[in-house]
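Please look over the sequence and the structure below before reading on. The briefing that follows goes through the sheet, the helices and the cores in turn.

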Amino acid sequence: MTEPETCALREMRWWDIDAVLELERALFPEDAWSRGMFWSELAHARGPEANRRYVVAEAGSRIVGYAGLVATGEQADVQTIAVSRDRWGTGLGGQLLAELLRAAGAFECAEVMLECRVDNVRAQKLYERFGFEPIGFRRGYYQPGNVDALVMRLTAPENSAQGTEING
């Protein structure tokens with residue numbers, strides 16, 4: 001078995017949206033974000049009033065993952081993390097999450113929140129490794145399908161994001 005090509009993390013830009021949408025639709029066919037949603041998020045990720053951080057992971061010229069976070073006051077919310085299926089189990093999800101936690105620290109957030117499908121045990125284990133703890137549920141949060149979301153929280157995110165470098 002050959003090793004997967006290494007990935008470089010960098011800031012997501014508008015020209016990445018088509019590739020991100022392709023991956024989004026492959027991974028989340030029933031509730032994929034729209035082009036407009038990504039445009040809106042990126043519009044708030046640059047400039048003096050920026051309160052979002054979106055990154056992509058590239059292997060060669062192919063986007064194989066992406067992640068985004070919004071910061072409001074002392075709280076940040078993980079908006080999305082996605083890794084192409086051929087990269088599952090490689091640690092890429094952890095690299096993306098670590099970058100979001102560094103961004104939360106840079107935004108001076110005291111805690112980071114996220115929602116995760118209750119049936120996505122693999123993602124829950126990743127979040128737990130970074131110190132997230134379950135704090136509740138949002139009933140019927142994911143549509144269609146009426147799937148509950150597990151709400152998780154991490155306090156002191158700057159202490160959980162040590163050790164991964166990013167370009168961008």
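**Pairing at the start of the sheet**

In this predicted model, strand β1 and strand β2, the latter made of residues 52-59, pair in the antiparallel sense over four bridges. Within this pairing, Glu 11 has Val 55 in β2 as its bridge partner. As a general point, the strands of a sheet pair through backbone hydrogen bonds, and they may do so either parallel or antiparallel.

**The sheet as a whole**

- Seven strands form an open sheet with mixed pairing, and their order across the sheet is β1-β2-β3-β4-β5-β7-β6.
- The edge strands are β1, covering residues 8-11, and β6, covering residues 133-142, and each of them pairs on one side only.
- From one strand to the next, the twist of the sheet averages 25°.

**Helices and the order of elements**

- The protein chain contains four helices and seven strands, and, when followed from the N terminus on, its elements run β-α-α-β-β-β-α-β-α-β-β.
- Helix α3, which spans residues 92-106, lies across β1, β2, β3, β4, β5 and β7, and it runs at about 160° to β4.
- Helix α4, made of residues 121-129, also packs on the sheet, where it touches β4, β5 and β7, and its direction makes about 165° with that of β5.

**Nonpolar cores**

- The largest nonpolar core has 32 residues, and those with the most contacts inside it are Leu 96, Leu 97, Tyr 127 and Phe 132.
- Two or more residues of this core come from each of β2, β3, β4, α3, β5, α4 and β7, while α3 gives the most, with eight residues.
- If residues up to four places away in sequence are not counted, Tyr 127 touches Ile 81, Leu 97, Leu 114, Cys 116, Phe 132 and Met 152.
- Another core, which lies apart from the largest one, has 14 residues, among them Leu 27, Phe 38, Ile 63 and Ala 82.

**The chain in numbers**

- The protein chain has 168 residues, of which 45% count as buried.
- Among the contacts in the protein chain that are made between residues at least 6 apart in sequence, 62% join residues at least 24 apart.
- The accessible surface of the protein chain comes to about 9,200 Å², and 48% of this surface belongs to carbon and sulfur atoms.

Conventions. Residues are numbered from 1 along each chain as its sequence is written. This is a predicted model: local features need pLDDT of at least 70, side-chain atom pairs count only at pLDDT 80 or more; totals for chains, interfaces and linings use all residues. Side-chain values use heavy atoms; hydrogens and water are left out. Two strands pair if DSSP finds at least two bridges between them. Axes are lines fitted to C-alpha atoms, for helices over the stretch in contact, and angles run from 0 to 180 degrees between N-to-C directions. Contact means heavy atoms within 4.5 Å. Buried means under 20% relative accessible area, exposed over 50%, partly exposed in between (1.4 Å probe, protein chains only). Accessible areas come from the Shrake-Rupley method with a 1.4 Å probe; for residues, only the protein chains shown count as cover. A nonpolar core is a set of buried Ala, Val, Leu, Ile, Met, Phe, Trp, Tyr and Cys residues joined through side-chain atoms within 4.5 Å.
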